[in-house]
Amino acid sequence: MEKLFGLIGHPVGHSMSPLMHNDAFNQLGIDGHYHAFDIEEGDLKEAIAAFKVLNVSGFNVTIPHKVKVMEFLDEIDEEAKMIGAVNTVVNNNGRLIGYNTDGRGYLSSLLTVIQKPILESNVLVIGAGGASRAVVTAICDHGVKKLALTNRTLEKAKEIKNNYNNYNKCNNTSMDIVSLKEAEANIEVYDIIINTTSIGMSPNVEGIPIAVDHIKRNVVLSDLIYNPLKTRWLQLGEEKGAIIHNGVGMFAMQGALAFHKWTGIEPDTKRMMNKVITQLGGTSC
Ligand code: ATR
């Protein structure tokens, strides 16, 4: 019998997950279908209950439900708890188990472009929301020379640092909280700079999260945004000689990790990435 998978979010009309997952099901000959469900905030509890009754095999969760959904699941794995958000749910014989594949997805994508190991790198993360927590968790798990966190609202960055003091995997990581001003003034010390905010995302494509005038040559500028594929920030960085990395890889990899949790099969991540790039009008790699 065909297995049903899905995405819950609001809005979900422009999501590229159905395209990516359904193509992988077809390619691998798996009898499955992935559908995007537009669920308003007030309907979340009923939607999850309905998924259980309908025996949906697994689903992704996106904005605005990533935090709230945790209340309605039977179990949440440690990494998702640390991040404080769930983006992937597996139906394990009627028990809904929540995971977060964003951080690992991000890290696997980042590892494909960096030249200097993260363990020898000074990393700056901009932003202190859910995406930032996923990235910080993955970087802590991996290990890093030095990690600095900056955000418009510095209090939120401090909260992340406090939470991570209790996370054993982060014990060996030195985490500095720096203001945007300080980070910008010392921008040349960083080897990897990661934008986890929505600054520069379509349709407000003009904004940049931090000035790149004095970046180190060969710095990696990594933007979680994939629409546009090359944000203004990445364009400016590229002109200054930076290695640039957009969010398509993270999007494909988080999807691939979810796909693996649901099916036990590793899909072709390059194909997944190219599906998204083509849809966004870019040239496949
Ligand atoms: P997500 O789950 O995608 O991380 P979020 O939790 O709403 O979304 O977090 C958004 C992040 O982008 C925050 O770090 C936010 O900064 P604040 O904590 O100061 O609100 C940042 N952000 C969004 N728009 C911004 C803007 N115009 N200028 C500066 N920071 C912005």
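This is a predicted model: local features need pLDDT of at least 70, side-chain atom pairs count only at pLDDT 80 or more; totals for chains, interfaces and linings use all residues.
**Close-ups of the ligand site and the chain**

View 1. From Ala-128 it's a polar backbone atom that lies 2.8 Å from an oxygen of the ligand. The protein covers 63% of the 640 Å² of accessible area that the ligand has on its own (Shrake-Rupley method, 1.4 Å probe).

**View 2. The shell around the ligand.** Residues surrounding the ligand include Gly-127, Gly-129, Gly-130, Asn-151, Thr-153 and Ser-198 (a residue is near a molecule if one of its heavy atoms lies within 4 Å of it). The shell splits into 3 nonpolar, 7 polar and 2 charged residues, with Gly counted as polar.

**View 3. The chain behind the site.** The chain has 10 helices and 12 strands (DSSP runs: H or I of at least four residues for helices, E of at least two for strands). Buried residues make up 50% of its 285 residues (buried is under 20% relative accessible area, with a 1.4 Å probe and protein chains only). Along the principal axes, the C-alpha atoms fill a box of roughly 55 × 45 × 30 Å.

**Notes for all views.** Residues are numbered from 1 along each chain as its sequence is written, and side-chain values use heavy atoms, leaving out hydrogens and water. Local features need pLDDT of at least 70 and side-chain atom pairs count only at pLDDT 80 or more, while totals for chains, interfaces and linings use all residues.

Definitions and conventions
A polar contact is a pair of N or O atoms within 3.5 Å; within protein, one must be able to donate a hydrogen and the other to accept it, and residues adjacent in sequence count only if both atoms are side-chain atoms.
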